[in-house]
Amino acid sequence: MSDVSERPFLSNASEVDEAASDWLERRNFGSWTEEDRREFDDWFESSLAHRIAFVRLESGWKRTERLTALQSPTRSDSRLSTQDLWLKFFRLTAAVLFVAAVGSGVAFYLAKRTQSTYTTGTGEREVLSLADGSQIELNTETSLRTAVASGGRTVWLDKGEAYFRIKHDAAHPFVVLAGERRLTDIGTEFTVRRDSERLKVAVLAGNVRFEGDNSRRDEQKPAILKSGDTIVATATSFSISREPLKQLANELGWRRGVLIFNQTPLSEAADEINRYNRKKLVIADSAVGRLKIGGTFPKNNVNAITAAVRELFGLRVEDRGDEIVVSR
Amino acid sequence: MIERLDSDREKAARTSEAAVTALEVDVWFVREILPLESALMEYLQHNWRNRSDIYDFRQEIYIRLYETALKKIPDRPKQFLFAIARNFLINRVRHEQIVPIEAVADLEALEVAADAPTADRALLARDELRHLQAALDRLSPRCREAVVLARIDGLSRSEIAVRMGVAESAVSKYLSTGIRKLVEVFYGEPKTVRRKA
């Protein structure tokens, strides 16, 4: 510490701070091109002061995002206090929005916000129709909450999978939150599937804006997903790819009550069908699990698929009551 | 010294005998140091007469903190941060040839700040809401409107520009300023709510 005190003292904290917030604003709200990124990297790496200012603002801004999430009750174990917080926050936002409304002559902001929770059990499916004509379909073992206010429409996907067909309305953006990740529709049809660790988003039509978990370097820039784009994010990886629309449509077979497999390893097919049934399909060994299967099967009936593997591959199928074991 | 360390974070990690990457320091800084910022600011305000200096002081203290942490992440962040702050102030006093009595006499403040209790999470969250409210209240009306539209309504920059009837460049300015001021209140200012027995 003693040697650095000889260094000339720089009194430019506010300038550095301004540059840092300009960069943060540009990255979060602007069109973030490859050139922007390079320019930013140069700035970020060129001085420790730049780095620190940016890291500080980035994490602080992230904290304000968490606060807005308090608008909704979150975990059931802290429902009362969260509700309390939410009420407080609502009063605050109402006050703020009132100022905004008066300022811009928009009064409809103040309408009441209504919230609901929807869950489906194993093998169930539920279709929600929103007043604006939008539609949400919940797949098996899914839990989501909705909040529709005049300022916007928000859905929290807590677990499971849902299909969204959204009537776009720029004045009332439709936002889906899955953990730290955020999707905003830009007129669209898409699916979101959230397992314990993994999030998958597939866009069938229109555009969706994806904002990743800001605490992770590889997800920091928002992406615009177009029809056919698929995002898979896990705790350790993140990828965007394109899938043929036919493939995506097949993945939506559940909406018609079927599962459609095409060159799908038997182990994966078993995992899929097990989402919908209490009676589980168990594949006895990994070699059997690697066998590829194709076809359309009813999602709520394990027997159709076991009959197929018995005939196609000559496998042994043993019904043990709560599970069906497939082996050689 | 700074130039060497941050010219290339990968290189910094590889060349120094103790390999700590700048990214690891970032994470540590956000987790351990930023929550102490309001205590640090209180400490600086308490011990330095000229308030306008303390933002530059903070920057300088953080830089020194990073420089050391890049070699080895300190085990006791609080003690470490306030030791740097204290040394920094003492050097400044020497440098300026002026001696504000408190700066030298009030060294116990270090211990007081370092031992401040950590509130439980729920209470902290509640304080944060009041904090956000205070911060929002202090923004200019246009700036506040842009922040609310971006943060709470999730609108894009161009959508905000249409809604507010201003150019996108103006929205950028509002948002940039809003980010800076909100974060300053969040991290930099002492929590207004006191829980004392």
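In chain A, residues 24 or more positions apart account for 43% of the contacts with a separation of 6 or more, two residues being in contact if their C-beta atoms, placed from the backbone, lie within 7 Å. The structure is a predicted model, in which local features need pLDDT of at least 70 and side-chain atom pairs count only at pLDDT 80 or more, while totals for chains, interfaces and linings use all residues. Residues are numbered from 1 along each chain as its sequence is written, and chains are lettered from A and ligands numbered from 1 in the order in which they are written.

**The two chains**

Select chain A, which holds eight helices and 16 strands. Helices (H or I, at least four residues) and strands (E, at least two) are DSSP runs, numbered from the N terminus. Of the 328 residues of chain A, 32% count as buried. A residue is buried if 20 or more other C-beta atoms lie within 10 Å of its own, exposed if 12 or fewer, and partly exposed in between, with C-beta atoms placed from the backbone.

Next, select chain B, in which there are twelve helices and zero strands. Its order along the sequence is α-α-α-α-α-α-α-α-α-α-α-α. Among the 197 residues of chain B, 34% count as buried. Here, residues 24 or more positions apart supply 67% of the contacts with a separation of 6 or more.

**Where the chains meet**

Display helix α1 (residues 13–29) of chain A together with helix α12 (residues 168–188) of chain B. Their axes come within 8 Å and cross at roughly 120°; axes are lines fitted to C-alpha atoms, for helices over the stretch in contact, and angles run from 0 to 180 degrees between N-to-C directions. The angle makes α1(A) oblique to α12(B): angles under 35 degrees count as roughly parallel, over 145 as roughly antiparallel, 65 to 115 as roughly perpendicular and the rest as oblique.

On the α1(A) side, select A:D17, A:E18, A:S21, A:D22, A:L24, A:E25 and A:F29, which meet B:S172, B:L175, B:S176, B:I179 and B:R180 in α12(B). These contact residues divide into four nonpolar, three polar and five charged. In this grouping, Ala, Val, Leu, Ile, Met, Phe, Trp, Tyr, Cys and Pro count as nonpolar, Asp, Glu, Lys and Arg as charged, and the others, Gly among them, as polar.

B:R142, B:C143, B:A146, B:V147 and B:A150 of α10(B) make the contact with B:V171, B:Y174, B:L175, B:T177 and B:G178 of α12(B). The residues of this contact divide into seven nonpolar, two polar and one charged.

**The nonpolar cores**

Now centre the view on B:Y66 and B:A85, which touch the most other members of the largest nonpolar core, a set of 57 residues. Such a core is a set of buried Ala, Val, Leu, Ile, Met, Phe, Trp, Tyr and Cys residues joined through C-beta atoms within 7 Å. The largest share of this core, nine residues, comes from α12(B). B:Y66 touches A:L48, A:I52 and B:V25, not counting residues up to four places away in sequence. Apart from this core lies another of 28 residues, among them A:A202, A:F210, A:A233 and A:L248.

**Individual residues in chain A**

Select A:S59, in helix α3 (residues 48–69) of chain A. A:S59 counts as buried because 20 C-beta neighbours lie inside 10 Å. Leaving aside neighbours within four places in sequence, A:S59 is in contact with B:V30 and B:L34. A:S59 and A:S215 are 156 residues apart in sequence, and their C-alpha atoms are 8.0 Å apart in space.

Move to A:G123, in the loop between β1 (114–119) and β2 (126–129) of chain A. With 15 C-beta neighbours inside 10 Å, A:G123 counts as partly exposed. The C-alpha atoms of A:G123 and A:Y276 are separated by 4.0 Å, although the two are 153 residues apart along the chain. Not counting residues up to four places away in sequence, A:G123 touches A:T140, A:Y276, A:N277 and A:N300.

Two further stops concern the backbone. A:E141, in the loop between β3 (135–138) and β4 (143–149) of chain A, has a phi near 50°, a positive value in a residue other than glycine. A:E141 is partly exposed, with 17 other C-beta atoms within 10 Å. Finally, select A:Q263 in strand β12 (residues 258–265) of chain A. Phi of A:Q263 is near 55°, again a positive value in a residue other than glycine, and A:Q263 is exposed, with 7 other C-beta atoms within 10 Å.
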